[in-house]
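Here is a short tour of one protein model. Keep the sequence beside you and find each residue as it comes up.

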Amino acid sequence: MPLERTNPVSLEYVVVDVFTDRPFAGNPLAVVFGADDLTSEQLLAIATEFNLSETSFPLPLGDNDADVGADYRLRIFTPGGEVPFAGHPTVGSAWVLRDRGVISPGLRKQSCGAGLIDVAVPGDQTAAVELSAVPRDPARALSADEVAAVCSLVGLDPSDVAGPAHVAGCGLTWLYLPVTEPAVSRARPSGRQVSEVAIDKSGLADPLDGIDVYAVSATPAGGQPDSMLQINSRVFVPGFGIPEDPATGSAAAGLGLALVAAGLATADGETAYRITQGVDMGRPSLLLGRVAAEGGLAVRTHVAGQVVPVASGRIRLP
């Protein structure tokens, strides 16, 4: 049942919690239908009204989308503006579209600002949806001065850092700061944006204004393909109006690049990692990641999670 163009006076929406197996955990997402003829300003107004970390708008396929084999098109807005890609809207929107019969189970292609994203959509409502992405901003190690600047954004000291920090991304680019386990809980958003400190952003394909503070609490894979890295993570996104995010699929995807670059994931082959996030916010989330590497470079990442419906209704046009 493809999406059809409409001319509504109000729009139908569904709210789901993403990267969780129960309601009122994970990261909430509003999926709004029928917004094909709305302006970007109207879409932003709706996202601001919901005031969630992201609101997604599934739209009919355009001519270019059909030419490249896309199954559906998606625009994604935070309260601070549109983003080219985000993980929990990708996972949650695919689940909703499959639930409504707009797409069928299987490997589907989402068209968004970052291009085509592969999404594996199961037929079982309780099974995890998995997105796949390729590097757009390969991992680059941060200098000591840049590490100190990132620490200042999250209330930490360089002495809390527990390994090389990187900038990397797969459609949305992040700063990855590995720290000790106690430092994860002590991290606090400063209210300042990444643009306010001295971070080299030259040559980046995608926006950079988020920080992933994480601790690795398992032995690195190091040639043990059956082992899984355990990650405790907190994500701060001041540049998009999100002081802290409870579950961040795009950050989880890019983290795979940073893990390979730091030597925590195998240089050739695949490493699995399990991310807990949102615990400090009272919205525990679980994200399951995989990163494939060749010759010490990440070539593809996958992030999976469950989705739970929590609300539905209609919202007036702005």
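Helix H1 spans residues 40-50, and Leu43, Ile46, Ala47 and Phe50 are buried in it. Buried means under 20% relative accessible area, exposed over 50%, and partly exposed in between, with a 1.4 Å probe and protein chains only. Helices (H or I, at least four residues) and strands (E, at least two) are DSSP runs, numbered from the N terminus. An α-helix has 3.6 residues a turn, so residues three or four places apart point the same way. Glu41 and Glu49 are exposed, on the face of H1 turned away from its buried side.

This is a predicted model: local features need pLDDT of at least 70, side-chain atom pairs count only at pLDDT 80 or more, and totals for chains, interfaces and linings use all residues. Residues are numbered from 1 along each chain as its sequence is written, and side-chain values use heavy atoms, leaving out hydrogens and water.

What do the buried residues of H1 pack against? Their partners are strands E1 (10-18), E2, E3 (55-59), E4 (72-78) and E18 (307-316). Contact here means heavy atoms within 4.5 Å. After H1 comes Asn51, with a positive phi near 60°.

Now turn to strand E2 (residues 27-32), where Asn27 sits. Asn27 counts as buried because its relative accessibility is 1%. Beyond neighbours within four places in sequence, Asn27 contacts several residues, including Val16, Ser53 and Ser285. The table lists other pairings of Asn27. A polar contact is a pair of N or O atoms within 3.5 Å; within protein, one must be able to donate a hydrogen and the other to accept it, and residues adjacent in sequence count only if both atoms are side-chain atoms.

| Pair | Between | Distance |
|---|---|---|
| Asn27 and His88 | side chains, polar contact | 3.3 Å |
| Asn27 and Ala247 | side chain to backbone oxygen | 2.7 Å |
| Asn27 and Ala247 | C-alpha atoms | 5.3 Å |

Asn27 and Ala247 are 220 residues apart along the chain.

Last, the cysteines. How many disulfides does the whole structure hold? The search finds 0. A disulfide is counted when two cysteine sulfur atoms lie within 2.5 Å. The sulfur of Cys170 is 12 Å from the closest cysteine sulfur, in Cys112, so it is too far for a bond. Cys170 is buried, with a relative accessible area of 1%.
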